[in-house]
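Biologist: Could you take me closely through a single part of this model, the place where the two chains meet, and give the cut-offs behind each term as you go?

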Amino acid sequence: MAIAEHEQGVRRWEGDLESLRGLVSERAFTGETMLLNMGPHHPSTHGVLRLLLELDGEEIVTCLPDVGFLHTGIEKTIESKPYEKGVVLTDRMDYLSPMSNNMAFCSAIEKLVDLDVPERAQRIRVIVLELSRIASHLVWLGTHALDMGAMSVFLYAFRERERILAMFESISGQRMMGSYIRPGGVWRDLTPEFFDMLDAFLGFFPARVDDYEKLLTKNPIWLDRTQGVGVVEPEVALAWGMTGPSLRGSGVNWDIRKAEPYSGYEQYDFEVPLGEHGDVYDRYLVRIREMRESVRIIQQALKGLPKKGEFRSNNRKFVPPPRSELGRSMEAVIHHFKLWTEGFSGPDEEVYVAIESPRGEIGCYLHGTGGNKPRRVHFKTPSFMHVSALPILSEGHLIADLVAIIGSVDIVLGDCDR
Amino acid sequence: MRIPEAKDPVAALRTALPEAVLYAKDFRGETTIVVHPQHLVAALQFLRDTPGLVYNFLSDISSVDYYPEPPTEQRPERFAVSYHLLSMLYKRRIRVKVFVAEDEPEVDSITSLWPAANWLEREIYDMMGIRFRGHPDLRRVLLAEDWDGHPLRRDYPLGYEQVQFSFNVEEIIKHKPLAEE
């Protein structure tokens with residue numbers, strides 16, 4: 001559509017302008033406004049997002065997001081695999097918090113086949129989910145501040161994130177794509193090194209959040225760039241399907257962890273931070289406070305973690321037996337063989353499970369066939385909804401504010417394109 | 001302000017729009033109401049605006065392809081579109097489902113009720129080839145504009161690298177770009 005051409009050193013729009021009729025304003029056809037491509041290689045689009053902007057001077061008249069550059073057909077591929085093998089693909093969607101995707105998919109499977117998760121496994125899940133929330137918010141904080149010119153925050157945020165990834169490595173063997181949460185529980189039990197690292201982390205992290213806040217919260221340049229920018233009214237946010245911190249920044253008290261608790265979240269005492277004005281600054285404050293709340297949740301989960309107990313369900317029709325049983329029990333060998341060749345079967349029914357990921361509601365619609373593979377998997381991802389709402393957020397703003405707005409809704413294009 | 005008591009969505013919809021509801025079912029605590037495509041927008045608007053229901057938030061729209069299974073009484077058509085609504089006031093969800101015919105896969109767009117439906121419907125058009133009547137901007141969203149076919153249909157081949165077994169070898173060879181004799 002949009003091919004640029006060099007002609008005497010001037011890049012010209014060579015695409016079919018007619019195909020944009022109805023999408024951009026009439027003024028674009030007379031040359032009164034300018035059409036400008038932002039991305040897909042622009043550093044502040046947080047991945048490969050292309051925005052076709054219609055500009056009147058520096059003001060955005062129309063914003064047309066173009067996504068799909070990271071589409072990898074994950075939903076289609078999962079349809080061809082037994083349920084458990086799909087888990088590893090879900091890691092690759094929202095690559096900044098793979099655990100949340102694992103959790104959404106595994107919860108859907110557990111609901112479909114009616115599989116219980118032991119208490120200890122639920123606590124472990126809460127710990128890793130909250131750790132990945134902190135890790136994801138740290139990447140958001142670093143890149144968002146970097147977009148707006150505050151470079152040092154990026155280095156500090158990534159320093160702390162690396163500690164979390166080291167913990168994930170010690171329990172799942174991978175820094176990022178751990179596939180740690182599995183149907184019926186988690187893959188392995190927590191390791192002693194993990195507890196040591198976690199204790200150290202919980203000790204120093206709250207002070208580090210104070211450091212970030214010292215750099216930004218009252219920084220006059222930061223306030224200038226964020227306050228009153230990208231204001232979303234609560235009604236607009238709800239109508240456009242925004243969820244998570246981006247919705248709570250507008251003051252809507254909706255957190256799935258509180259409203260529809262999963263994995264035992266009802267047992268924890270934590271606050272849901274809310275914004276007042278719905279601008280970029282409030283969304284920033286909400287995420288900063290969420291990191292502090294996540295620390296509180298992890299501390300409570302650690303305190304209540306049963307000393308002994310299963311980290312994965314003992315239902316051998318769905319969960320393969322541990323290696324140690326294979327030498328002793330013929331039944332275990334049969335279960336092992338059946339589960340790793342054929343997998344388990346799910347009924348020909350449909351379920352929808354939504355959980356609170358760092359970015360918002362990630363929903364998994366799962367439809368079984370009665371066999372070992374799903375008929376349809378659909379992920380409703382927060383980034384997809386937030387990108388679709390970008391035009392509403394950005395139109396009428398300056399192009400420099402668009403960078404702040406994109407950062408403030410915290411999109412991950414892998415999550416959006418799947 | 002007093003919050004009106006929560007109503008049973010199925011009974012309320014049956015009373016208000018008796019011709020719209022085909023059947024309703026429960027599975028693991030999730031309610032599914034299958035409605036007639038003609039009354040889809042009216043039914044969703046009723047669920048959204050009626051006190052005691054207030055399904056104010058559109059969580060998700062997803063689609064499913066029942067190919068190659070023959071139509072049954074419960075599943076009269078090949079495709080289905082599911083609308084997942086959420087009531088933040090009563091903290092509950094509901095699924096409204098319509099069945100869509102294979103030869104003319106088209107349903108009414110609900111972008112007039114929730115702007116959030118815009119991209120979700122575009123995604124279904126892109127992936128499943130179901131068209132939405134009255135959609136303001138029905139273009140492909142994830143795939144390229146000149147993409148051939150709709151990949152999430154069950155009869156769309158996964159790729160050429162599928163492992164061959166005796167039961168699927170014919171299906172795989174059918175799609176392989178082999179040299180002609």
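**The interface of chain A and chain B**

Modeller: Across the interface of chain A and chain B, 23 residue pairs are found in polar contact, with both residues at pLDDT 80 or more; a polar contact is a pair of N or O atoms within 3.5 Å, where within protein one must be able to donate a hydrogen and the other to accept it, and residues adjacent in sequence count only if both atoms are side-chain atoms. The model is a predicted one, in which local features need pLDDT of at least 70 and side-chain atom pairs count only at pLDDT 80 or more, while totals for chains, interfaces and linings use all residues. Residues are numbered from 1 along each chain as its sequence is written, chains are lettered from A and ligands numbered from 1 in the order in which they are written, and side-chain values use heavy atoms, with hydrogens and water left out.

On the side of chain A that touches chain B, the largest share, five residues, comes from strand β10 (residues 374–380) of chain A; helices (H or I, at least four residues) and strands (E, at least two) are DSSP runs, numbered from the N terminus. Sorted by class, this side of chain A holds 24 nonpolar, ten polar and 15 charged residues, where Ala, Val, Leu, Ile, Met, Phe, Trp, Tyr, Cys and Pro count as nonpolar, Asp, Glu, Lys and Arg as charged, and the others, Gly among them, as polar. The contact, meaning heavy atoms within 4.5 Å, takes 49 residues from chain A and 47 residues from chain B.

Together the two chains bury about 4200 Å², 58% of it on carbon and sulfur atoms, buried area being the accessible area (1.4 Å probe) that two parts lose on being put together, summed over both. Of the area that chain A buries against chain B, 16% is supplied by Lys76(A), Glu350(A) and Arg375(A), more than by any other three residues.

Glu350(A) also meets Lys97(B), the side chains of the two being joined by a polar contact of 2.7 Å. Lys97(B) is placed in strand β5 (residues 92–100) of chain B and is buried, with a relative accessible area of 3%; buried means under 20% relative accessible area, exposed over 50%, and partly exposed in between (1.4 Å probe, protein chains only). Not counting residues up to four places away in sequence, Lys97(B) touches Glu350(A) and His367(A) as well as several residues of chain B, including Thr32(B), Tyr66(B) and Ser82(B).

Between chain A and chain B the count is ten salt bridges, each a side-chain nitrogen of Lys or Arg within 4 Å of a carboxyl oxygen of Asp or Glu. One salt bridge is formed by Glu260(A) with Arg93(B), whose closest N and O atoms are 2.9 Å apart.

Aromatic rings come next. Over all chains, a search of the whole structure finds 16 aromatic pairs, in which rings of Phe, Tyr and Trp (its six-membered ring) pair if their centres lie within 6.5 Å, with planes under 30 degrees apart counted as stacked, over 60 as edge-to-face and the rest as tilted. Within chain A, Phe201(A) and Phe205(A) form a stacked pair, 4.8 Å centre to centre with 20 degrees between the planes, and both are buried. Phe384(A) and Trp119(B) form an edge-to-face pair, 5.4 Å centre to centre with 65 degrees between the planes. Because Phe384(A) lies in helix α15 (residues 382–388) of chain A and Trp119(B) in helix α3 (residues 117–128) of chain B, this pair joins two chains. Phe384(A) is buried at a relative accessible area of 1%, and Trp119(B) is buried at 5%.
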